[in-house]
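Here is a short report on a protein model.

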Amino acid sequence: MASAALKDELDIVIPTIRNLDFLEMWRSFFEQYHLIIVQDGDPSKTIKVPDGFDYELYNRNDINKILGPRSSCISFKDSACRCFGYMVSKKKYIYTIDDDCFVAKDPSGKDINALEQHIKNLLCPSTPNFFNTLYDPFREGADYVRGYPFSLREGVPTAVSHGLWLNIPDYDAPTQLVKPLERNTRYVDMVLTIPKGTLFPMCGMNLAFDRELIGPAMYFGLMGDGQPIGRYDDMWAGWCCKVICDHLGLGIKTGLPYIYHSKASNPFVNLKKEYLGIFWQEEIIPFFQSHNFSKDCTTVQKCYVELSKQVKEKLGKVDPYFLKLADAMVTWIEAWDMLNPPNKDSANASSK
């Protein structure tokens with residue numbers, strides 16, 4: 001059965017503060033998979049999960065107990081807490097989705113199995129080194145076009161599959177404020193590889209990745225309670241992942257699948273969370289665009305630790321927050337390796 005593809009190799013990670021009634025509409029697509037639910041906010045609150053789902057649930061008390069002092073790297077009162085689920089998973093692949101994301105329909109009116117499309121994206125190579133004008137050459141009905149170098153046609157392993165959203169677009173607060181009624185109704189039947197050397201804004205609400213290839217870089221930063229910034233958690237992870245993928249010869253795809261994003265968040269609340277990030281990203285983006293890794297960076301962990309040093313040295317001048325973030329990046333890697341002990345044969349082993 002197609003919907004059960006990789007059912008023993010993939011976990012679905014969901015951050016939430018509410019009962020997960022939305023899972024009912026995903027039942028036919030998700031019920032054969034294992035769910036990791038990361039409860040944000042008050043740990044004494046009981047989160048209800050519909051019957052029939054195989055899941056484990058972690059709240060803040062669990063995170064503190066499992067990670068001890070290293071739990072400081074996991075955000076509180078922010079969906080960035082989802083990355084704890086990536087860390088405790090033992091599967092090769094992760095799909096993460098927000099609890100306000102519903103099943104979308106394609107132009108024919110058929111329900112879209114988002115997870116199935118993400119799996120297709122991850123299992124086919126990416127083509128970051130040369131752009132194919134027919135987009136993903138591995139999709140049915142497409143191929144490499146005339147003029148595409150044969151030496152590059154094998155592609156590279158796909159580390160990340162970045163899906164999109166119908167209805168409420170993923171806009172920042174200023175755009176939300178000037179376009180409050182705008183909805184995305186365009187279904188574009190396309191998957192493409194983001195070219196090497198090009199950054200992108202990664203949204204975490206409909207995202208899949210190969211945990212073995214890129215997991216240690218999928219840290220959603222320090223956001224939410226006690227932090228000066230929010231809503232940049234997935235952006236930070238995306239920028240870090242992209243430069244590391246470029247360095248290690250991995251690919252990131254974007255496009256299909258779509259989900260239906262049901263609910264617009266409050267633009268005034270969002271503006272309070274985002275306003276520093278809107279200024280800071282004018283320094284952050286050039287930092288990532290100009291970053292080069294040393295030859296010693298042969299694993300994701302090594303890349304990430306080296307990146308943290310550069311964050312401290314260069315972005316620390318922008319604001320003291322980045323000094324704290326750089327330390328948290330190192331703590332995250334220590335926590336990752338604690339729960340996922342490096343193995344000599346692993347491509348991502350960290351030899352410290």
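Start with Tyr275, which sits in helix H8. The model is a predicted one. Tyr275 is partly exposed, because its relative accessibility is 43%.

Tyr275 also belongs to a nonpolar surface patch of about 630 Å². Two helices, H5 (173-178) and H8 (267-290), each supply at least two residues of the patch. H8 gives the largest share, with 4 residues.

Now go inside. The largest nonpolar core counts 67 residues. Ile214, Met218, Tyr219, Trp236, Tyr304 and Trp332 have the most contacts within this core. Helix H10 (residues 321-339) contributes the most to it, namely 11 residues.

What does Trp332 touch, leaving aside its neighbours within four places in sequence? Its contacts include Cys73, Ile74, Cys83 and Met87. Gly215, Pro216, Met218, Tyr219 and Tyr304 are in contact with Trp332 too. Apart from this core lies another, of 30 residues, with Phe22, Tyr95, Leu115 and Ala208 among them.

Last, the cysteines. The structure holds 0 disulfides. Cys203 is in no disulfide.

| Cysteine | Nearest cysteine sulfur | Distance | Relative accessibility |
|---|---|---|---|
| Cys203 | Cys101 | 7.4 Å | 2% |
| Cys303 | Cys297 | 4.6 Å | 0% |

Note on methods: Residues numbered from 1 in each chain as written. Predicted model: local features only at pLDDT ≥ 70, side-chain atom pairs only at ≥ 80, totals over all residues. Heavy atoms only, no water. Core = buried A, V, L, I, M, F, W, Y, C linked by side-chain atoms within 4.5 Å. Buried < 20%, exposed > 50% of the residue type's maximum accessible area, 1.4 Å probe, protein only. Contact = heavy atoms within 4.5 Å. Disulfide = S-S within 2.5 Å. Patch = residues over 30% accessible without salt bridge, like charges linked within 9 Å, V, L, I, M, F, W, Y side chains within 5 Å. Areas by Shrake-Rupley, 256 points an atom, 1.4 Å probe, with all protein chains shown as cover. Salt bridge = Lys/Arg side-chain N within 4 Å of Asp/Glu carboxyl O.
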